[in-house]
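Hi everyone, thanks for coming along. I'd like to walk you through one structure today, a piece at a time, so please have a look at it on the screen.

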Amino acid sequence: MTDALTGPGDGTRAVRAGLPDPVKHEPTLPGPVFAAHYHLPGEVTGPYAYGRDENPTWTRLERAIGELEAPGQDGVETLVFASGMAAISAVLFSQLCAGDAVVLPSDGYQVLPLIREQLEAYGIEVRTAPTGGDAQLEVLDGAKLLWLETPSNPGLDVCDIRRLVAAARARGCLVAVDNTLATPLGQRPLELGTDFSVASGTKQLTGHGDILLGYVTGGDASAMAAVRRWRKIVGAIPGPMEAWLAHRSIATLQLRVDRQNATALALAEALRGRDEVTGLRYPGLPDDPSYKIASQQMRRYGCVVSFALPTRARAERFLVALRLVDEATSFGGVRSTAERRGRWGGDAVGEGFIRFSAGAEDPQDLVADVLRALDESAR
């Protein structure tokens, strides 16, 4: 449905995003362009010169993501990368230099400690604080960049983006948000005032567990030029086939997100009645600590539910007993996945902590499978 104020709905926008103008006898979404170089006689002009710099398949995907992350906003640019970590690294290492300070979440993605080591090796001061309670405000003074991850992975805490952006602006500090868990249909950081929205397209954006992809969307031309330069230097580019598959997958994003979000809420509600489940978190539960702030800045609450079982052994028995859920890392796919997150190290979680990603299965089937696995694992 189209609204005079908001424009096309999410489903309409997703299925049309980034498509070229129709040409008779041409496909709606042209196939991937495989090219290391292009015909380039004379002076170097035009958009495509060398395959590490640009590719028409990337261009269409970048337009599609930009239309979802910042619909109707002029001057917004999106750049795609080989993975989510490539996109995260591009922002951090293109915007910071020796002597700068950056604020990272202490409860964010488990690879951030490795990033911290590399930043510190380059002479960049790294400060950390938890996502919940907007605790990063306490260490913001003098920082060049504030990095937010909201909802946080895997704990699902939420911070007030508008409040943190206002504080950062007052201090001349850039703000980036890792929008992986929310997706552009759940949250639009640039509309909340941030400089960058960064995400792993590996997860729910593409949703089939078969693509590694990342992207950066930003509205400041100078900052994005630095990100583009970093991509050129490092060469962290996606293959054209991955980019084409990602664009194709975006067409079903709204269908997948709505189904998975509804299922995640149904699962969270079912888990509330289980005595062995503790630490249950889902931002869409009205009694969740993140619900109030999430409801002010999110349009959908995500497909991930987290909770804990009493012991590592109980968690492992539960995972083995599941029939409709794959024991795997990552999240956001059409097939439900779950894992005992503590097996990786790096996350401040207990041995029985479970990160559960709701897929596109029938909600009643998935909930029944989880409850049955909980019963079996108790024996």
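Let's start with strand S7, residues 214-218: five of its five residues are buried, so S7 is largely enclosed by the rest of the structure. Buried here means under 20% relative accessible area, exposed means over 50%, and partly exposed is in between, with a 1.4 Å probe and protein chains only. Helices (H or I, at least four residues) and strands (E, at least two) are DSSP runs, numbered from the N terminus.

Before I go on, a word on the model: it is predicted, local features need pLDDT of at least 70, side-chain atom pairs count only at pLDDT 80 or more, and totals for chains, interfaces and linings use all residues. Residues are numbered from 1 along each chain as its sequence is written, and side-chain values use heavy atoms, with hydrogens and water left out.

Back to S7. In a regular strand the side chains alternate between the two faces of the sheet. Here both faces are covered, with Gly-214, Val-216 and Gly-218 buried on one side and Tyr-215 and Thr-217 buried on the other.

Which strands pair with S7? Strand S1, residues 77-81, pairs with S7 in the antiparallel sense over five bridges, and strand S6, residues 196-200, is also joined to S7 by five bridges and runs antiparallel to it. Two strands pair, by the way, if DSSP finds at least two bridges between them.

Now for another sheet. Five strands form an open sheet in the order S8-S9-S12-S11-S10, with mixed pairing. Its edge strands are S8 (278-281) and S10 (326-327), each of which pairs on one side only.

Within this sheet, S9 is mostly covered, with five of its five residues buried. Val-304, Ser-306 and Ala-308 are buried on one side, and Val-305 and Phe-307 on the other. Two bridges join S9 to S8 in an antiparallel arrangement, and Thr-278 has Ala-308 as its bridge partner in S9. S9 and S12 also run antiparallel, joined by five bridges, and Ser-306 is partnered with Arg-355 in S12. Further along, S11 (residues 337-340) and S12 (residues 353-357) are antiparallel over four bridges, with Phe-356 of S12 as the bridge partner of Ala-338.

Lying across S9, S10, S11 and S12 is helix H10, residues 312-321, which runs at about 160° to S11. Axes are lines fitted to C-alpha atoms, for helices over the stretch in contact, and angles run from 0 to 180 degrees between N-to-C directions. Contact means heavy atoms within 4.5 Å.

Last, the cysteines. How many disulfides are there? The count comes to zero, where a disulfide is a pair of cysteine sulfur atoms within 2.5 Å. Cys-97 is in no disulfide, and the nearest cysteine sulfur, that of Cys-173, is 14 Å away. Is Cys-97 buried or partly exposed? Cys-97 is partly exposed, at a relative accessible area of 47%. Cys-159 is buried, at 0% relative accessible area, and its sulfur lies 13 Å from the closest cysteine sulfur, in Cys-173, which is too far for a bond.

That's my tour, and I'm happy to take questions!
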